[in-house]
Amino acid sequence: MNSKFIIVCVLTTLFLVVRPAMSAAPSCDAVITSFAPCLSYLKNVGSLPSTSCCDNIKVLDQQLPEKQDRKNVCQCIKLAVPVIGTVNNTRVQDVSNSCGSKLYEIPPISPDMNCDNVV
Ligand SMILES: *[C@@H]1O[C@H](CO)[C@@H](O)[C@H](O)[C@H]1NC(C)=O
């Protein structure tokens, strides 16, 4: 492994660890991490979202009192579509219900989802 690569890794790690929380709204990274345990359910695996998925959804829910924050989360998800891949949008719509959360409805996830419609 060359030393430049190691330095980049160390700096990246430091950046991730020390980066201050600027506001209560979660970063894109945090949003995507939160959704990670939900992806299998959203991709038709199993019949219910996992406990860790629901726990994350509930936390996210509490972090998004402002409409603008919810729009930002929508933008994060939209940017991650190429990584997330195809999901079952019926499940996207009812994941928060299934978790017993009042989560604001997540719009159907697609590369051209319109985040201006987020309520
Ligand atoms: C999407 O999920 C719903 C609810 O679980 C299921 O009824 C439906 O068959 C799924 N759709 C596809 C295309 O797999």
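Select Asp61 and Ser101 to begin: their side chains are joined by a polar contact of 2.6 Å. A polar contact is a pair of N or O atoms within 3.5 Å; within protein, one must be able to donate a hydrogen and the other to accept it, and residues adjacent in sequence count only if both atoms are side-chain atoms. You are looking at a predicted model, where local features need pLDDT of at least 70, side-chain atom pairs count only at pLDDT 80 or more, and totals for chains, interfaces and linings use all residues. Residues are numbered from 1 along each chain as its sequence is written, and side-chain values use heavy atoms, with hydrogens and water left out.

Stay on Asp61 for a moment. Is Asp61 buried or exposed? Asp61 is buried, with a relative accessible area of 6%; buried means under 20% relative accessible area, exposed over 50%, and partly exposed in between (1.4 Å probe, protein chains only).

Now colour by secondary structure. Asp61 belongs to helix H4, residues 51–62. Helices (H or I, at least four residues) and strands (E, at least two) are DSSP runs, numbered from the N terminus.

Next, show the ligand. Which residues surround the ligand? They are Asn44, Asn88 and Arg91.

- From Asn88, an N or O atom of the side chain is 2.3 Å from an oxygen atom of the ligand.
- From Asn44, a polar side-chain atom lies 2.8 Å from a ligand oxygen atom.
- From Arg91, a polar side-chain atom lies 3.0 Å from an oxygen atom of the ligand.

On its own, the ligand has 360 Å² of accessible area, and the protein covers 38% of that. Accessible areas come from the Shrake-Rupley method with a 1.4 Å probe; for residues, only the protein chains shown count as cover.

How many cavities of 30 Å³ or more does the structure hold? There are 2. A cavity is a set of points, on a 1 Å grid over the protein atoms alone, where a 1.4 Å probe fits but cannot get out; lining residues have an atom within 4 Å of a point. Grid points are joined across faces, edges and corners, and a volume is the space filled by probe spheres set on the points.

Select Phe35, Leu39, Leu42, Ile77, Ile84 and Ile109 to see the lining of the second largest cavity, which has a volume of about 40 Å³. Helix H3 (39–42) and helix H5 (67–84) each supply at least two residues of this lining.

Notes: Near = heavy atom within 4 Å. 1 Å grid on protein atoms, 1.4 Å probe; cavity = no way out; pocket = protein on both sides within 12 Å on 5 of 7 lines; lining within 4 Å.
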